[in-house]
Number of protein chains: 2
Amino acid sequence: MAALASAPRYPDLTLTLTLTITSSYHRPPIPSSHHDLPLHPRTIPHPAAIHAAYTLIQPHVHQTPLLTCQTLNTIASTPQSAEALSVTPYEGQAPANPTFRFFFKCENYQRIGAFKARGAFHALLRLIAEKGKEEVARRGVITHSSGNHAQALALAASTLGVPAYIIMPTISTPSKIAGTKSHGAEVIFSGSTSVEREAVVEEVQAKTGAILVPPYDDFNIICGQGTCALELEGQYRDLVKEKPQLSIRSEGKALDAVITPIGGGGLNAGVATFFSDKTTKVFGAEPSFEGGDDCRRGLDTGERVDAVSTLTIADGLRTPVGLLNWEVIADREKVAGVFAVTEEQIKAAMRLVLERMKVVVEPSAVVGLAVCLYNEEFRRLVEKEAPEGWDVGIVFSGGNTTVEAIGKLFS
Amino acid sequence: MAALASAPRYPDLTLTLTLTITSSYHRPPIPSSHHDLPLHPRTIPHPAAIHAAYTLIQPHVHQTPLLTCQTLNTIASTPQSAEALSVTPYEGQAPANPTFRFFFKCENYQRIGAFKARGAFHALLRLIAEKGKEEVARRGVITHSSGNHAQALALAASTLGVPAYIIMPTISTPSKIAGTKSHGAEVIFSGSTSVEREAVVEEVQAKTGAILVPPYDDFNIICGQGTCALELEGQYRDLVKEKPQLSIRSEGKALDAVITPIGGGGLNAGVATFFSDKTTKVFGAEPSFEGGDDCRRGLDTGERVDAVSTLTIADGLRTPVGLLNWEVIADREKVAGVFAVTEEQIKAAMRLVLERMKVVVEPSAVVGLAVCLYNEEFRRLVEKEAPEGWDVGIVFSGGNTTVEAIGKLFS
């Protein structure tokens, strides 16, 4: 690790993002019989819908920075130690020796501290466009979540003058309840099982007519989250044009790959959709602890795993992949592979990001980096595909943690 | 705290720094009788020397980002609670109600993770300019430090092809020893008292002829550290021009104030020197724990405190202010005041920076922010000086901490 000297760089931020907005995007017809159905129930998202989403949400979200870090490039481009391999099926084999240049898309610097703001603003803006401001403001929106989606929807709703009802389990951490309330949302408590939560949702809906905005299994949510890929691609191109030395090659070509965490799959499906008409390969990353790698296991058997029960430290990734998300992610033309990492690997990656990059991320955010650093199967794949190496975009999905939580993780 | 929604912004990074380099700066004459004397033994630094320093070091250091954070502006611009005041001499009084707009100069993103890289590169480049590359490369440089200066000098020396001898107490933490060695420096162990360290320095100097590069009490070190003020001022002007809403006023005027930590005083003296011919007021911040506020106490009595023994968590600020540094800081035309904060206040500020800004800083880095947030004397001064509020530049001096250290601080 001779690269202690390298501090993170923020060079991309010197650039103005140039976008080609496809204004000719037409929404598919909406079922008129039941106006609370998802707006595009089974429509598979497409790249033009992500460009259109970006036009809508751009005034409301941050263009998050794209960072590079020489130290992490060096560490990832060094073969793993025999000791590290001794706990894997690769014991005794020569370690893979891939070369990486990382480009970190820092959604921990997004509003509310996570990419979820993109999807929530997009879903709500679409609702208003479809149903009219008056109706949405009168009925309000509702969701059940104890995580980042709750805060994201609360922020979007208060920004757009819409009441928000957030169903949270009574056992939610006080700081998350306070965070959601601070955006003016009405927090309503429920039991913690999904049956209990949904009962409260129905009860509130019966009283208010509030419209459900699901956290990930939704066309508009997926397209909203996909806008981070659109920004990432533009920032990468501009950055490499200005500083070709940051890239594996100096030809100004596209990113070789992008890797994102997979929880419900909204982020990964959105990113995969955006790149589906481009050369960049998209990968997913999951925690393996207690079967948290439901998506990877589903791809192995060809069937979506619809229930997961894991207490992985990557708490944003404890949910199974949604139905519509699965349809995107299971398409090998869109997602080239999903890889899993252990709790120790997640912690090691998180330590590097905090101590070397000086950037605060939550455990869920670093599973993609952990795959690049420690998943020998992925590292072999990169070495085989490209002996000269890969430029890889890594999405840091969020940064909502506390100093106590960091202390507990590393105690 | 209704500002949870605000994520940090990186807008300044869209700007290109425009510098007016004063090339007519002439160095004062060097005493030729003893070529190991400090190059400018008693010369008080001046702004032109900082411009000249920047020209020299620019190829070797990062232009660190200038960040803003609405959440912290809002918190600082809210009066303190009666509970907070109850542990201060202000109990029972109406709390001060100043208004702040902060501009964070993030030297935690500097090479080796701290501003010290600026001074070390400058001192070494000046040595080479004065004595010639051949002599400096033959003799090498030496310092005694267990902190950021050791790594900074090791990096500068390896970059410029000069041997570096770093005297470190045997009890130094292994990661700091490893960090220093990773830059190719020769680490030599000593006892931990200053007498023991200096004996080893003399011994190594006798053998090698190595030239001492002191950590702060030195003209060239002060001028090097001052370059962060030069960057800060340019970045602030460009940023406010582009986004006037980030400033208290929209007239495009100068920063009202800048505040930095004071340990040995190299950073504060350099920043104060840079602003000494401008309208911006410069302040210093120290930990009060176990008399760590030696500079503030010295200013009270008019006499420099030359020995301090504190185990403040702000471990970079445990040293007394140096002689030449004192001459700058004690000049009321240059430094408008020095304020102290408690360990709890430092921790509270550090928590806000980690959890809200998602930026990793070390405790020493946040004493300036802690003064703005919690020092009632300073807050009254700001309220009185400017009812409309102040634009304040805050230097985050470094980010060299570990997840274990963070955990221990907040356990």
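Residues are numbered from 1 along each chain as its sequence is written, and chains are lettered from A and ligands numbered from 1 in the order in which they are written. Because the model is predicted, local features need pLDDT of at least 70 and side-chain atom pairs count only at pLDDT 80 or more, while totals for chains, interfaces and linings use all residues; side-chain values use heavy atoms, with hydrogens and water left out.

Chain B contains an open sheet of six strands in the order β1-β2-β10-β7-β8-β9, with mixed pairing. Its edges are formed by β1 (66-67) and β9 (337-341) of chain B, each of which has a single partner strand, so one side of each is left without a neighbour in the sheet. Helices (H or I, at least four residues) and strands (E, at least two) are DSSP runs, numbered from the N terminus, and two strands pair if DSSP finds at least two bridges between them. Within this sheet, β7 (residues 257-261) and β8 (residues 281-287) of chain B pair in the parallel sense over five bridges. Along this pair, B:A257 stands opposite B:K281, and B:T260 stands opposite B:G284.

Helix α10 (residues 266-274) of chain B packs on the sheet, where it touches β7, β8 and β10 (390-396) of chain B, and its direction makes about 160° with that of β7(B). Helix α13(B) also packs on the sheet, touching β1, β2 (100-106), β8, β9 and β10 of chain B, with a direction at about 90° to that of β9(B). Contact here means heavy atoms within 4.5 Å; axes are lines fitted to C-alpha atoms, for helices over the stretch in contact, and angles run from 0 to 180 degrees between N-to-C directions.

By angle, under 35 degrees counts as roughly parallel, over 145 as roughly antiparallel, 65 to 115 as roughly perpendicular and the rest as oblique. In this contact, B:A52, B:A53, B:Y54, B:L56 and B:I57 of α1(B) meet B:R118, B:F121, B:H122, B:L125 and B:R126 of α4(B).

In chain A, the axes of α4 (residues 116-131) and α9 (residues 219-242) come within 7 Å and cross at roughly 130°, which makes α4(A) oblique to α9(A). Residues making this contact include A:K116 and A:R126 of α4(A) and A:N220 and A:E231 of α9(A).

Two residues other than glycine have positive phi values. A:E290, with phi near 50°, is found in the loop between β8 (281-287) and α11 (294-301) of chain A and is partly exposed at 46% relative accessibility. B:K358, with phi of about 60°, lies in the loop between α13 (343-357) and α14 (367-374) of chain B and is buried, with a relative accessible area of 5%.

Conventions: Buried < 20%, exposed > 50% of the residue type's maximum accessible area, 1.4 Å probe, protein only.
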